[in-house]
Amino acid sequence: MVDTKAPPTYMHLHLKLKKLQLEEERLATIERDNRILLEKMSYIMRTRGRVDNRNNYEYRSLNREKRQRELLRVTEENQSILRRITNRGAEYSADQLQRDWKANQKFMDSISRFPQDWWVNDKDTDKYKKNSRRSCAVSQRKQRQKDNASVKSDSPQEEDEDTVKTNSDNDKDKTKNTKSKKDSNNRKEAKKETKDSKKGGKTEEETEKKDEEPEDEDKQTVKA
């Protein structure tokens with residue numbers, strides 16, 4: 001036989017009574033809390049209220065004494081380190097360094113062309129330019145005076161030696177010029193003789209005159 005009936009239905013599966021009960025309880029607690037809050041708000045609105053914002057609670061810790069002791073130890077160590085640092089003398093002398101710096105500044109001022117901070121004020125720069133020009137003119141005058149004094153202080157023997165040297169140099173130059181002119185004249189005569197020998201139209205008198213002409217020119221150069 002075949003059972004063709006519908007399966008049985010169980011009410012506890014369709015109606016979950018426990019779930020409905022829990023939902024009602026939750027709603028009841030919410031309503032209760034809301035009613036209490038509403039009563040408090042209405043009381044505060046009707047009266048001044050009893051709001052107490054004072055907090056007289058004292059902080060109490062079991063580890064308080066230990067932390068205080070640790071803090072005291074750390075502060076004592078820091079103070080001892082600070083005491084050692086302050087009592088420690090410096091390796092370098094600040095006064096000596098300041099004196100060296102001032103000395104270096106003096107040397108730099110004596111060597112440099114422009115003073116310190118010359119670009120700060122244009123008026124100061126103009127004054128410095130005028131003073132520098134005056135100082136340069138004064139220094140040039142002093143240098144000229146020194147040169148003149150040194151020239152005057154030289155002995156007359158040195159002056160004579162200088163003049164003798166200049167005269168000897170001039171004589172050498174003159175002799176060199178005369179020799180070069182003679183050589184050029186001799187070359188010209190040799191060329192002319194070769195040309196005349198080829199042509200055959202010149203006499204011995206003309207050659208003698210030609211020989212005498214360079215001698216006269218040599219005499220004129222020597223006189224000059």
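Start with the charged pairs: the whole structure holds 4 salt bridges, each being a side-chain nitrogen of Lys or Arg within 4 Å of a carboxyl oxygen of Asp or Glu. Keep in mind that this is a predicted model, where local features need pLDDT of at least 70, side-chain atom pairs count only at pLDDT 80 or more, and totals for chains, interfaces and linings use all residues. Residues are numbered from 1 along each chain as its sequence is written, and side-chain values use heavy atoms, with hydrogens and water left out.

Now select Glu70 and Arg73: their side chains form a salt bridge at 2.3 Å, N to O. Both sit in helix α3 (residues 64-87), 3 residues apart; helices here are DSSP runs of H or I, at least four residues, numbered from the N terminus.

Glu77 counts as partly exposed at 39% relative accessibility, on a scale where buried is under 20% relative accessible area, exposed is over 50% and partly exposed lies in between (1.4 Å probe, protein chains only). Through shared partners, salt bridges join Glu70, Arg73 and Glu77 into one network.

Move on to Arg88 and Glu91, whose salt bridge has its closest N and O atoms 3.1 Å apart. Both of these residues, Arg88 and Glu91, are exposed.

Last stop: select Lys188 in helix α6 (residues 156-199). Is Lys188 buried or exposed? Lys188 is exposed, with a relative accessible area of 53%.

Methods. Helices (H or I, at least four residues) and strands (E, at least two) are DSSP runs, numbered from the N terminus.
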